[in-house]
Amino acid sequence: MGYDLYRDEETDEDLHYFRWNIWGFPPVRYLGEIYGWIPMGTTLEAWIDDDGNAHSKETDCGYDTNDGQIVCAEDAQLWADALKLALVDIKKLPIVKEGSKSSKIDDAYMAEREEIHNKVPEAILRQFNTETSISYLERYVVFLEGGDFKIY
């Protein structure tokens, strides 16, 4: 599972689509919060399912599901602004060589995930201190600045 972020009206690939895997999306949300982003919540438009059942518009939805909920342009910009501040601090950290971080899911990995879930700033910052991660985060800021988008 991952988080596929789409913007319907854009033709520029960098502004039309962005993807986070299941391990990357929570830290980037928490990183924004640590640097001042206060999530406004998302909206899920009214829809009709395959059986013809109508579902009304929902407001104050979260960011964790893949239901096509909408992140408004103002919320996206505020998130981008917070991540720009975070990037300044991340770039001050020692850059870790690509591939040197273990991807083995062991006790140490799970302990780190728990720190991330508990929003320990140092643990979250460590998620982004490689050149590839910094570049990806910078591209995400550009995506966020493109306006509203949907989470699938």
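Is helix 2 mostly covered or mostly uncovered, and how many of its 10 residues are buried?

## Helix 2 and the ground rules

Helix 2 is mostly covered, with 8 of its 10 residues buried. Buried means under 20% relative accessible area, exposed means over 50%, and partly exposed is in between (1.4 Å probe, protein chains only). The buried ones in helix 2 are Phe25, Pro26, Pro27, Val28, Arg29, Tyr30, Leu31 and Gly32. Just after this helix, glycine 36 takes a positive phi of about 105°. Helices (H or I, at least four residues) and strands (E, at least two) are DSSP runs, numbered from the N terminus.

This is a predicted model, where local features need pLDDT of at least 70 and side-chain atom pairs count only at pLDDT 80 or more, while totals for chains, interfaces and linings use all residues. Residues are numbered from 1 along each chain as its sequence is written, and side-chain values use heavy atoms, with hydrogens and water left out.

## The nonpolar core

The largest nonpolar core has 33 residues, and those touching the most other members are Leu5, Trp20, Phe25, Leu31, Tyr140 and Phe149. At least two core residues come from each of strand 1 (2-6), strand 2 (17-21), helix 2 (25-34), helix 3 (73-90), helix 5 (121-126), helix 6 (131-144) and strand 8 (149-151). Helix 3 gives the most, with 8 residues. A core of this kind is a set of buried Ala, Val, Leu, Ile, Met, Phe, Trp, Tyr and Cys residues joined through side-chain atoms within 4.5 Å.

Take tryptophan 20: leaving out residues up to four places away in sequence, it touches Gly2, Tyr3, Leu5, Phe25, Val28, Phe128, Tyr136, Leu137 and Tyr140. Contact here means heavy atoms within 4.5 Å.

## Helix 2 against helix 3

The axes of helix 2 and helix 3 come within 8 Å and cross at roughly 95°. The two helices are therefore roughly perpendicular to each other. On the helix 2 side, the contact is made by Phe25, Val28, Arg29, Leu31 and Gly32, and on the helix 3 side by Trp79, Ala82, Leu83, Ala86 and Ile90. By class, that comes to 8 nonpolar, 1 polar and 1 charged residues.

A few conventions sit behind this. Axes are lines fitted to C-alpha atoms, for helices over the stretch in contact, and angles run from 0 to 180 degrees between N-to-C directions. Angles under 35 degrees count as roughly parallel, over 145 as roughly antiparallel, 65 to 115 as roughly perpendicular and the rest as oblique. Ala, Val, Leu, Ile, Met, Phe, Trp, Tyr, Cys and Pro count as nonpolar, Asp, Glu, Lys and Arg as charged, and the others, Gly among them, as polar.

Threonine 42 is in strand 3 (residues 42-44), and its 1% relative accessibility makes it buried. Glutamine 69 is in strand 7 (residues 69-71) and is buried too, with a relative accessible area of 1%. Among the residues that threonine 42 touches are Glu58, Cys61, Gly62, Gln69 and Val71. Glutamine 69 has contacts that include Thr42, Leu44, Tyr63, Phe149 and Ile151.

What do their side chains reach? A polar atom of the threonine 42 side chain lies 2.8 Å from the backbone oxygen of glycine 62. The glutamine 69 side chain reaches that glycine 62 oxygen at 3.2 Å, and the backbone nitrogen of aspartate 67 at 3.0 Å. A polar contact is a pair of N or O atoms within 3.5 Å; within protein, one must be able to donate a hydrogen and the other to accept it, and residues adjacent in sequence count only if both atoms are side-chain atoms.

## Methionine 40, in the loop between helix 2 and strand 3, is partly exposed at 39% relative accessibility.

Isoleucine 105 lies in the loop between helix 3 and helix 4 and counts as exposed at 54% relative accessibility. Lysine 119, in the loop between helix 4 (107-117) and helix 5, has a positive phi of about 60° although it is not a glycine. Most residues other than glycine have a negative phi.
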